[in-house]
Amino acid sequence: MDTIQKRILAEVADLHAVPEGAYNIRANGVSAGRRSTANIEITSKPEGAGIDIRIRPGTKKQSVHIPVVLSESGLKETVYNDFFIGADSDVVIVAGCGIHNCGNQDSEHDGIHRFYVGENAKVKYVEKHYGEGDGTGKRILNPGTEVYMEKGSSMEMEMVQIRGVDSTERVTTAQLAEDCRLVVKERLMTHGSQSAVSVYKVELNGAGSSADVVSRSVARDDSFQKFDATIAGNAPCHGHTECDSIIMDHGRILAVPSLEANDTDAELIHEAAIGKIAGEQLVKLMTLGLTEAEAEEQIINGFLK
Amino acid sequence: MLELKNIRFDVDDDAGHVDILKDVSFAIPEGKFVVITGPNGGGKSTIAKLIAGVRRPTGGKITFDGQDITDLDITQRARLGISYALQQPVRFKGIQVIDLLRIAAGRELSVAESCDYLSRVGLCARDYINREVNASLSGGELKRIEIATILARGTRLSVFDEPEAGIDLWSFQSLIRVFEEMRKSIERSSILVISHQERILEIADEIIVVADGKISRHGPKDEVLPELIGTASALSSCERLQERG
């Protein structure tokens, strides 16, 4: 890998060297490195467009890194990655995609991730998106995530996109069985003329299941964001979705909350708030010696932390 | 140290033209604890905002250590050495107490140093240092954190706008102790507090009474305070509770 690819890898996966545990690094459409471990097996799909990650039942405290780097202008790819997470395992999965585009053709990576989470398994999933490069070609990411959770399993998803991605359409669906718990934390900042659409469809199918989908976002310059979250309660369950956004400059934000209760014991809550940075917050930090611009940065950094 | 000369402040709103401050002049000498009191709506908080630069006067001049600061913005005044504690402390999602203290100090404070500032305002540092400065904190806790940020700045002049506003009686008692400590270690700095609480007035070296946009009295505490006892300019703790209803 060259220095640009290595830097992007550090941005999206906090990787500065070969990671510990299992990994698969994809660079410009081909595998740039792979390692399976005794409990985590990574294999290519027969048709070549993606990988299967199989985690043995009972695997504890292990991690899988599967970052993707695109540094060639004009590259478009759709990749299917399937995760089979064995029962009673406890693992961390770090994905993420970074695009460096200094050419005039659009670069696009559409990653479709499917998670089959076994009974009582515990998964932490981290996905970071990043774009850079001063070419006129757009940097496009359209991730699709499907989560199928079996009885008693839990999954925490951290989705972060802070800079440089021109266009994103993210669709995440989840189906939860009995006593499953899903927590989604989305952090998003758009700038320039970027557009980011985030769609969540969570179905709480089993008794005792719960979901907490929380998005914090900042829309700067002329960017546009849409947050569209639906939680359907089909059993006695708890669902909560929250969209908290700061709007700046000429940014636009559309929040579309939707709850669907199909069981009298489904408890569903939605919260949404959009507003600019409060003047008094700026004043307070300026009285501590920050300039207005520095105060804004501190407020946004804290908000997206 | 700080001097306000012929300060006027007026606004045009729905009610028409309102003179909030008519002609206010006073000086805060070095090493003094000065309290501005007076009835509600008399213009006290406006004076604090004018000193911090949150509002600009319609007329008059403000000097700080001999420099004309009338046209300087909030940041410039803060950097010259003016601190300002807001009457209603501000909440921030995601910013932790330690972040705020570090911004205030303008450097990488160690955890031990941060804890020291929190202990001085009566907060158990271990419980608070990593808390977010958000809606989970009570009014009294926020107020103390606000004061801790002023301590962390350690500037020449500290201005407190009604530090007792919005806190319970219990917190009020410990707040008084914090101000008594600050008075003891004042050295070459100065403190200006906007308050009409008798207990805070008792700590003062000088008292300024502002009513109807003008200064009606300015002198040493021993002379001014006896005249104020029993009026709205010097409320006792019980009257304070009744006032809050």
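Visitor: How many helices and strands does the secondary structure of chain A come to?
Guide: Chain A has 3 helices and 22 strands.

Visitor: Why is chain A called as compact as a globular protein of its length?
Guide: The radius of gyration, taken over C-alpha atoms, is set against the globule rule, 2.2 Å times the number of residues to the power 0.38. For 305 residues the rule gives 19 Å, and chain A comes out at 20 Å, which is close, so chain A is as compact as a globular protein of that length. Keep in mind that this is a predicted model, where local features need pLDDT of at least 70, side-chain atom pairs count only at pLDDT 80 or more, and totals for chains, interfaces and linings use all residues. Residues are numbered from 1 along each chain as its sequence is written, while chains are lettered from A and ligands numbered from 1 in the order in which they are written.

Visitor: What box do the C-alpha atoms of chain A fill?
Guide: Along the principal axes, the box is roughly 55 × 55 × 35 Å. Of the 305 residues in chain A, 42% count as buried.

Visitor: Why does A:E119 count as partly exposed?
Guide: A residue is buried with 20 or more other C-beta atoms (placed from the backbone) within 10 Å of its own, exposed with 12 or fewer, and partly exposed in between. A:E119 has 17 such neighbours inside 10 Å, so it counts as partly exposed. You'll find A:E119 in the loop between β10 (107-117) and β11 (122-132) of chain A.

Visitor: Which residues does A:E119 touch?
Guide: Leaving out residues up to four places away in sequence, A:E119 touches A:A87, A:E150, A:K151, A:G152 and A:S153. Contact here means C-beta atoms, placed from the backbone, within 7 Å.

Visitor: Is A:K61 buried or exposed?
Guide: Exposed, because A:K61 has 9 C-beta neighbours inside 10 Å. A:K61 lies in strand β5 (residues 60-65) of chain A, and its phi is near 50 degrees, a positive value in a residue other than glycine.

Visitor: And what about B:E162, buried or exposed?
Guide: B:E162 counts as buried, because it has 20 other C-beta atoms within 10 Å. B:E162 also has a positive phi, near 40 degrees, without being a glycine. Its place is the loop between β7 and α7 (169-184) of chain B.

Visitor: How many residues of each chain are in contact across the two chains?
Guide: 16 residues of chain A are in contact with 20 of chain B. On the chain A side, α2 (279-287) and α3 (292-303) are the elements giving two or more residues. α2(A) has the largest share, 7 residues.

Visitor: Which residues of α2(A) are buried?
Guide: They are A:L282, A:K284, A:L285, A:M286 and A:T287. These buried residues pack against α3 of chain A, together with α1 (44-52), α2 (74-80), β6 and α3 (97-105) of chain B.

Visitor: What makes β6 and β10 of chain B edge strands?
Guide: Chain B has an open sheet of 6 strands in the order β6-β7-β8-β3-β9-β10, with mixed pairing. β6 (82-85) and β10 (214-220) each pair on one side only, and that makes them the edges. Two strands pair if DSSP finds at least two bridges between them.

Visitor: How many bridges pair β7 with β8 in chain B?
Guide: β7 (residues 157-161) and β8 (residues 190-194) have 5 bridges, in the parallel sense. B:V159 has B:L192 as its bridge partner.

Visitor: How many bridges join β4 to β5 in chain B?
Guide: 2 bridges join β4 (residues 59-64) to β5(B), and the strands run antiparallel. By the rule of at least two bridges, β4(B) and β5(B) therefore count as a pair. B:F64 stands opposite B:Q67 there.

Visitor: At what angle do α3(B) and α6(B) cross?
Guide: Their axes cross at roughly 35 degrees and come within 7 Å, α6(B) being residues 139-153. Axes are lines fitted to C-alpha atoms, for helices over the stretch in contact, with angles from 0 to 180 degrees between N-to-C directions. Among the residues meeting there are B:L100 and B:L101 in α3(B) and B:I145 and B:A148 in α6(B).

Notes:
Helix = DSSP H or I, 4+ residues; strand = E, 2+ residues; numbered from the N terminus.
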